[in-house]
Amino acid sequence: MIRAASLGIDIDLFQYSQFLHSKGVNHRIIEESGQQVIWVNSDVEVQLVNGSLPMYLEQIASGTLKQAAPGQHSGNNSGKNFLNAMLRAFVASPVTLLLVLVCLLVAAMSLLGSEPGRVSFLFYPLVASDGLLALASDLDSPTVLLRTLTPMFLHFGELHLVFNMLWLWYFGKQLEAIQPTWVFLSLVILTSFVSNTTQYLAIDYNNFGGMSGVVYGLVGYTWVIHTFMPRSYLLLNNTMFAFFIVALVLMEIIASSWIATAAHMGGLLSGLLVGMAVVFYYRLILKREIIGRQR
């Protein structure tokens with residue numbers, strides 16, 4: 001992608017982003033070093049941004065386009081700002097936001113896992129655990145298949161929930177910005193199934209849960225895309241990837257008895273494999289250096 005413009009973090013670009021979408025411009029707006037940076041896919045789109053952004057800023061400055069002042073905290077405006085923020089998040093990252101909201105709802109229902117009986121319907125189904133083929137033969141209905149995914153919504157304790165939601169949002173909003181929604185959703189479903197099934201086969205009972213397997217799947221997938229298609233501008237360098245790997249090893253050594261390390265490993269490996277398949281498809285078949293939508 002091409003860097004089209006950089007401007008202050010206090011400027012609300014929601015309406016401008018809608019304008020770009022209306023013109024068919026696939027773009028990303030990300031924060032870099034305290035600035036908002038607009039990325040687009042072509043020099044023609046850079047010219048469009050250079051011509052239209054100054055007019056948008058003039059409208060804000062003249063009051064023609066109303067924008068909430070930074071730091072304004074009146075009750076009415078705070079409510080509007082919150083709704084606007086939620087709307088922007090939903091438009092930009094619908095799958096990620098829905099996953100976060102469902103996890104928060106389940107956490108409230110189960111009192112952060114202290115009342116698991118209230119959400120037992122989300123536990124992995126009790127199917128054959130003596131091998132993958134035997135397990136697959138027991139997945140004989142849509143309901144049973146769905147329950148292989150739902151453990152990702154279960155969390156046990158504040159730290160477990162907060163850690164997973166922060167990283168889910170960090171990676172999810174990046175990946176949804178550059179791919180069709182169905183691609184990201186498919187990635188979540190696949191990594192959830194692999195991580196949950198790996199954990200079930202490893203421990204032979206279904207009292208486990210968490211978004212960690214999916215998060216590690218997103219880590220693996222993002223790292224592969226970042227490494228082999230760096231022009232996609234995904235924010236995951238080798239140092240951050242190493243942090244996740246070290247954390248995985250330490251969890252296995254120190255706390256393997258109460259942390260679903262098999263789910264983490266299953267998610268990571270599935271994310272790496274899907275990432276490699278996507279890189280192969282884009283680089284060798286489509287002959288492109290940028291993942292996702294291109295206009």
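V246, V249, L250, I253 and I254 make a nonpolar surface patch of about 490 Å². A patch here takes residues with over 30% relative accessible area and no salt bridge; nonpolar side chains (Val, Leu, Ile, Met, Phe, Trp, Tyr) are joined within 5 Å, and like charges within 9 Å. A salt bridge means a side-chain nitrogen of Lys or Arg within 4 Å of a carboxyl oxygen of Asp or Glu. Areas come from the Shrake-Rupley method with a 1.4 Å probe, and for residues only the protein chains shown count as cover.

Some ground rules. This is a predicted model: local features need pLDDT of at least 70, side-chain atom pairs count only at pLDDT 80 or more, and totals for chains, interfaces and linings use all residues. Residues are numbered from 1 along each chain as its sequence is written, and side-chain values use heavy atoms, with hydrogens and water left out.

V249 sits in helix α10, residues 238–255. Helices (H or I, at least four residues) and strands (E, at least two) are DSSP runs, numbered from the N terminus. The cut-offs: buried is under 20% relative accessible area, exposed is over 50%, partly exposed is in between, with a 1.4 Å probe and protein chains only.

Now the whole chain. It has 11 helices and 3 strands. From the N terminus, the order is β-α-β-β-α-α-α-α-α-α-α-α-α-α. Of the 295 residues, 45% are buried. The accessible surface comes to about 15,100 Å², and 66% of that belongs to carbon and sulfur atoms. Next, contacts, meaning heavy atoms within 4.5 Å. Take the contacts between residues at least 6 apart in sequence: 73% of them join residues at least 24 apart.

On to the aromatics. Rings of Phe, Tyr and Trp (its six-membered ring) pair if their centres lie within 6.5 Å; planes under 30 degrees apart are stacked, over 60 edge-to-face, and the rest tilted. That rule gives 14 aromatic pairs. One is Y124 with Y200, a stacked pair at 4.7 Å centre to centre and 25° between the planes. This pair links distant parts of the chain, 76 residues apart. Y124 is in the loop between α4 (94–109) and α5 (132–138), while Y200 is in helix α8, residues 181–203. Both tyrosines, Y124 and Y200, are buried.

A second pair is W167 with Y170. Why is this pair edge-to-face? Because the planes are at 80°, with the ring centres 5.5 Å apart. W167 and Y170 are 3 residues apart in helix α7 (residues 158–178), so about one helical turn separates them. An α-helix has 3.6 residues a turn, so residues three or four places apart point the same way. Y170 is partly exposed, at 24% relative accessibility. W167 is listed among the buried residues of α7, along with others including L168 and F171.

Stay with W167. Leaving out residues up to four places away in sequence, W167 touches G172, V215, M240, F243 and F244. W167 and Y216 are 49 residues apart along the chain, yet their C-alpha atoms are separated by 9.2 Å. One aromatic cluster takes in F163, W167, Y170, F171, Y216, F243 and F244.

Helix lengths next. The expected span is 1.5 Å times one less than the number of residues. Helix α7 has 21 residues and reaches 31 Å between its end C-alpha atoms, close to the expected 30 Å. Helix α11 has 25 residues and reaches 35 Å, close to the 36 Å expected.

T261 is buried, at 11% relative accessible area. Beyond its neighbours within four places in sequence, T261 is in contact with Q199, L248, M251 and E252. After α11 comes K287, with a positive phi near 55°.

L111, not a glycine, has a positive phi of about 55°. L111 is in the loop between α4 and α5, and is partly exposed at 44% relative accessibility. D204 also has a positive phi, near 65°. D204 is in the loop between α8 and α9, and is partly exposed at 49%.
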